[in-house]
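I opened this one to see how the chains are built and where they touch. These are my notes, in the order I looked things up.

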Amino acid sequence: MLSTVLELRNVSKRFGNAPAVSDVSFSVRSGQILALLGPSGCGKTTTLRMIAGFVDPDEGTIEIGGRDMRDVRPHERNVGLVFQDYALFPHLSVEQNVAYGLRQRGDARDAIARRVEEMLTLVHLKGFEARRPAGLSGGQQQRVALARAMAITPDVMLLDEPLSALDAKLRQELRFELKQILQAAHCTTLIVTHDQEEAMSLADEIIVMDRGRVLQRGIAAAIYHTPRTRTVAEFIGRTNWFEGKLGQAITPALREFASDEGRFVVAADAAIDNAIVQFCVRPERLRILTGDEPAGEGLNLVQGTLLSAAYLGSEIHHAVKLSSGRTIICIEQNRDQALPAAGAQLRIVFRPSDCILIA
Amino acid sequence: MGKRHQRQRVIDDVAGVTVTGMIVATVLLLLLPLAMTLSMSFDARDYLGPFPPSELSWRWYEKFFADPYLVKGLKTSLQLATLTALIATALGVSAAVALDRLPGRLAELAISLFLSPLIVPGVVIGFALLLFYSRASLDDTFLRLLGGHVLITFPYAVRTVLAALGGIRPSLREVAQTLGASPTRAFWTVTFPLARTGIAAGAIFAFVFSLDDVAVSIFLSGPDRYTLPVALVSMLHANFDLTIAAVAVLIMGASIALMFVLDWVAGLDRVIGADYYKA
């Protein structure tokens, strides 16, 4: 069992009358990468600023390495912070930026030089020592900020929207690189982000936050497939909702569900909460039947009219209007299938096990 | 094209011509007197003859440098402007740093207070200082002038330094702190080096305004110490000749040169930009 490096217990913070963070508790284990995911204003940035020491919690405790951080000022905590805008010192070279923390600590000159070289090698920026931040690309600046924060061997790395200032293509490339760098240095890391893909690809575990509260914690797959609330389901990935109520059991593992789209069969065991009034299906779990292909045994079937099909290269997104007037999104992989024309009548099937039931 | 669109086009065209005309008129109004002064300063004639000058010469410039009364004024002005710039900037930096750390409301109030000399007419400041100095029995003319000049240039120094500090992202200071720098060390290693150009700009502003002042200086000057502009004004009353034009051109030249220096160290648009209140 790895030791806990960062621990928050019942932390709350209000700004005036508005609660920013309410009763938040979580811990990060040594070497773990944890993402705080939520929309802007959900309290994730305030949480990060409390851990860094720029904001004092009203209630609760924050411990880093088992030490209570109450009354410990930012420069006395050993955290590595990477801001969204990187906050590189514009008047210093890349080398001086990375060396800044080591200088403040009063390390010996040759020890600083060795550590800077080690860090720049880790982030693949050897040869850029003398450059000024303004002469670097966004991706390079980000890696300098990372190297500068990691140089002081912090107890915890705090990354605030680390990739959101980059363009989409670069962001995808750097995700894997960033994760590799953090893992190679065995950094205990907390990432704050509103970008679900960033959270899912970088983090070992995700905490979903909304309105100052922790909604759910888990690995990416668990949050995607078994969201506990509608808010979580809607925040991670896309959803198609069906409302109604649970009916009788068909088998021990299957139940009926009556909705205005008709009767469906959903996967649910005896322990299921009878108060459930809705389920959602992820767009990629819907399948459009071609021609007069029969709907397979045990699958749910809905019919609708195609509003539009968006050809996105690797995927095709279909917007389909159901008889109830509700529009659902159906995503298919591009396998060179014929594109149906707008107005076409479509039959769509999904498995009972793809129905995510939520109270 | 509809009638409505056609009418709109005519209106736009008329508006365009009017705006251009106003800009041209403004530029002419500002520049023509300066151009006249420039040409007059090289006029070889003894009297104010019709434009343009029939002959050019350096005689007024030679006369200026040969006149001990005016040269003494120039010396005083330069000494005064240099000292004023140093003192006003040092005060400005201290004030701006303090403002930067005050909570919003209080900072706004303090800024208004610091900038208040700007809205009091120079004549009023000069007269008030004259009375105040007499009461306080401060008799040294140079010190009297210095006090007045620091007072009127200080707002400019505060404003430029504030603008420079406001342009520094708070995240830079915060990151410095997470890297182990105390707030004070973060100021000296990050904030101050980044605000340096703004501070230099403030000093240049103070220098120029001190060099230029008449209203305050005229009350505080005496027969023993007086600034160049004050000397020019009294010369204007006593014996008018075109030396004044020559001096005006020299001061203009020096101001323009300083503005170029200012643009070079800090960028003029950044210095005169609209971010002063971002404390």
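**Notebook: two chains, one contact**

I began with Arg211(A), which comes out as partly exposed because 15 other C-beta atoms lie within 10 Å. The cut-offs I used: buried is 20 or more other C-beta atoms within 10 Å of the residue's own, exposed is 12 or fewer, partly exposed is in between, and the C-beta atoms are placed from the backbone. Before going on, I noted that this is a predicted model, where local features need pLDDT of at least 70 and side-chain atom pairs count only at pLDDT 80 or more, while totals for chains, interfaces and linings use all residues. For bookkeeping, residues are numbered from 1 along each chain as its sequence is written, and chains are lettered from A and ligands numbered from 1 in the order in which they are written.

Where does Arg211(A) sit? I found Arg211(A) in the loop between β9 and β10 of chain A. Its phi is positive, about 45°, although Arg211(A) is not a glycine. The hairpin of β9(A) and β10(A) has two residues between the strands.

I then looked at Ala87(A), another non-glycine residue with a positive phi, here near 50°. Ala87(A) belongs to the loop between β6 and α2 (94–105) of chain A. Is Ala87(A) buried or exposed? I count Ala87(A) as buried, because it has 25 C-beta neighbours inside 10 Å.

**Entry: chain A overall**

I get eight helices and 20 strands in chain A. Helices (H or I, at least four residues) and strands (E, at least two) are DSSP runs, numbered from the N terminus. The C-alpha atoms fill a box of roughly 75 × 45 × 40 Å along the principal axes. Of the 359 residues in chain A, 38% are buried.

I also checked contacts, meaning residue pairs whose C-beta atoms, placed from the backbone, lie within 7 Å. Among the contacts in chain A with a separation of 6 or more, 64% are between residues 24 or more positions apart.

**Entry: the six-stranded sheet of chain A**

What is the strand order? I read it as β6-β7-β8-β3-β9-β10 (chain A), an open sheet with mixed pairing. Strands pair if DSSP finds at least two bridges between them. At the edges I have β6 (79–82) and β10 (213–218) of chain A, each pairing on one side only. From one strand to the next the twist averages 20°.

β3 (residues 33–37) and β9 (residues 205–210) of chain A are parallel, with four bridges. Ala35(A) has Ile206(A) as its bridge partner in β9(A). Helix α4 (residues 138–151) of chain A packs on the sheet, touching β6 and β7 (156–160) of chain A, and its direction makes about 170° with that of β6(A). Angles run from 0 to 180 degrees between N-to-C directions, with axes fitted as lines to C-alpha atoms, for helices over the stretch in contact.

β9(A) also pairs with β10(A), antiparallel, over five bridges. There I see Ile207(A) opposite Arg217(A) in β10(A).

**Entry: the four-stranded sheet of chain A**

This open sheet runs β2-β1-β4-β5 (chain A), with antiparallel pairing. β2 (18–29) and β5 (67–68) of chain A are the edges with a single partner strand each, so one side of each has no neighbour in the sheet. I find eight bridges between β1 (residues 4–15) of chain A and β2(A), which run antiparallel. Thr4(A) has Arg29(A) as its bridge partner in β2(A).

**Entry: chain B and the contact**

Chain B is assigned domain 1 (1–41) and domain 2 (59–272), with C-alpha centres 35 Å apart. Five residues of domain 1 of chain B contact seven residues of domain 2 of chain B.

How many residues does each chain bring to the contact? I have 15 residues from chain B and 18 residues from chain A. On the chain B side, α7 (170–178) and α8 (183–212) of chain B are the elements that give two or more residues. α7(B) gives the most, with six residues.

Key:
Two residues are in contact if their C-beta atoms, placed from the backbone, lie within 7 Å. Domain bounds come from an automatic or database domain assignment.
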